[in-house]
Structure formats: C-alpha cells, structure tokens
Amino acid sequence: MTDAVKDVTAGTISGMCSKLIEYPFDTVKVRLHTDTTGRYKGALDCLKSTFSEEGLKGIYRGVGSPIAGAMAENATLFWAYGMAQRNVKSYYNMGEKDQLSLTQLALCGSASGVAVSHVLSPVERVKCLMQLQEIGLTKTKYSNFVQCAIGTIKEGGIANLYKGHTSMLLRELPGNAAWYGCYESFCKLFCNYRSCTKDDLPSSYIALAGALGGCAYWSAFFPADVVGSRMRGADATSFSATFKEIYATQGVRGLYNGWGITMIRAFPANAAIFAVYEKVRKELDTVM
C-alpha cells in the first residue's frame, strides 16, 4: 500500500468520526450565521430552540452530506498534505526521514486547502440548504441530501453547487496553513518536552495538538465562513457584496457571529481527527 493510499484511508476514517462529534455545533453555527432577524439570543438559545422544535432529527438534519463530505474532505486534505511534503522533499533533494521546517509544513497545508476547497464547496452548499430549510430561509424543502443536491443542480446547474466558492478558498487557504502549522508546532513542542519522536508521542498529546490546530484553523479567517454560510443559504450575489451587507447591518460582531460555538466544536472534533488519523496511519504502516 502506497503512502498516498494510507493517507486517504486514515483521512477517510478520521473524517467520519469527527463529523459525528461536531455536527450539532455546526447546525447551530450555520443558523446563527444566517439569523438576520434576531431570532436567537445566542448559541445556547439556538441549540435549545432547535432541539425543542425539531428534536434530535433537527440537530442532525442534513448530516448525510457532511459525513460523506468529511470523509472526502479529510481524505483529500491528508492526501494533498502528504503529496505536497513529498514534492517539497524531492525538490530540495531531501531524504524520506528528513524533517521539513514549520514554514514549509504550513505552506504544504495551504496547498491542501486549495485542493480540498473544490471538494467542500458543493457539500457545504447542500448542508447549508438542508440546515436552513426548516426555519424558512430556503425556497424549497428536501427530504435528504441527494434530493437537495439534484434539485440545486436542476435550479442553476453545477455552478449552483459552488455558490460561495470564493469564501471557501479564502477560508481554506489560510485556515489549513494555520491548522497544520499549529498542529505540527505543538507536536514538536510536546516531543521536546517528553524527549521523544512524533511516532512515540501518546495519543492524548496528539489529540491536544490537533484540538489547538482546529482552533487556529477557524480563527485564521472566520469572517469568510460567515459570508460563505450566508451566500450558500440565501440569495446573496457576491462575496464582497455579502461582506459589506453583514458589516453594514451588524458590524464586526456580525462577521464573528458563531465564533464561540465554533471554538467549542473545533476542540473535540479536531482532537478526534488527528488522534484517529495518526493511530490508523501508524497501524497501516505496521501491517502494510
């Protein structure tokens, strides 16, 4: 089994695990991003309201698309990140065991962000439509993510699935540089603290480094995600126009609406991603 296949396999499994943990928080985040009427007083109020009115089904509405997307997302992320590292090492005539600098690793993370944005855009578009239809912010109601995807394509072609793609690029490029850069930095810090290699680092430290990396990812350019949610779930025209509208009506606070619930979500979800990925990757290296 090649390194690329191992990256894809471990990334797929880690993506599925993390999405089941984070999805309820994501539903709250999207509804807060698109709440232009002041319906919710905050993240907790949104969670309580959604659960009381729609039950657990409402909290996990549209989860099929994100689970499939998370598996594809993390497979793409770790494949592209590993591929970028191997290409950089080849360019500089470095050995397989040679370590890249943190700057080089962050740049490899940016490359993976560009690659994954093309996978994420249609998934996020369908997810947002499914999450918002129950509160009257979409024109059509769909029973599942496949029906929603087909309906969205019929309405405006493939391009309709990529509505908000600019915001996705602006989120993923700096976000993944921060994600991998922070993760690798803390892994290095923990390795120095314990006087060990990354392969010998306990899963708890890997999880903590991943959790902190997740917080860095979402903090890198959070307004892009707010704008993206509004564009994918409403009749917004362009990134700049939507950005200006949010800023004009809600100020800076509006551009960071949902940041708190996102940080709460990011910590356990990204801890799971890296802990599961590294564990599966290590097992694959052992048996293959």
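On which residue is the kink in H4 centred? The structure is a predicted model, in which local features need pLDDT of at least 70, side-chain atom pairs count only at pLDDT 80 or more, and totals for chains, interfaces and linings use all residues. Residues are numbered from 1 along each chain as its sequence is written, and side-chain values use heavy atoms, with hydrogens and water left out.

The kink, of about 40°, is centred on Ser117; the bend at a residue is the angle between axes fitted to the seven residues ending there and the seven starting there. Helices are DSSP runs of H or I with at least four residues, numbered from the N terminus. Helix H4 covers residues 102-132 and spans only 39 Å between its end C-alpha atoms, whereas a straight helix of 31 residues would span 45 Å at 1.5 Å a residue. That expected span is 1.5 Å times one less than the number of residues. Of the 31 residues in H4, 22 are buried, meaning under 20% relative accessible area, with exposed over 50% and partly exposed in between (1.4 Å probe, protein chains only).

Helix H1 (residues 3-33) contains Arg31, and also Val5. Arg31 counts as buried because its relative accessibility is 1%, whereas Val5, at a relative accessible area of 40%, is partly exposed.

Helix H10 (residues 239-255) includes Phe239, which counts as buried because its relative accessibility is 16%. The C-alpha atoms of Phe239 and Ala224 are separated by 8.5 Å, the two residues being 15 residues apart along the chain.

Conventions. Helix = DSSP H or I, 4+ residues; strand = E, 2+ residues; numbered from the N terminus.
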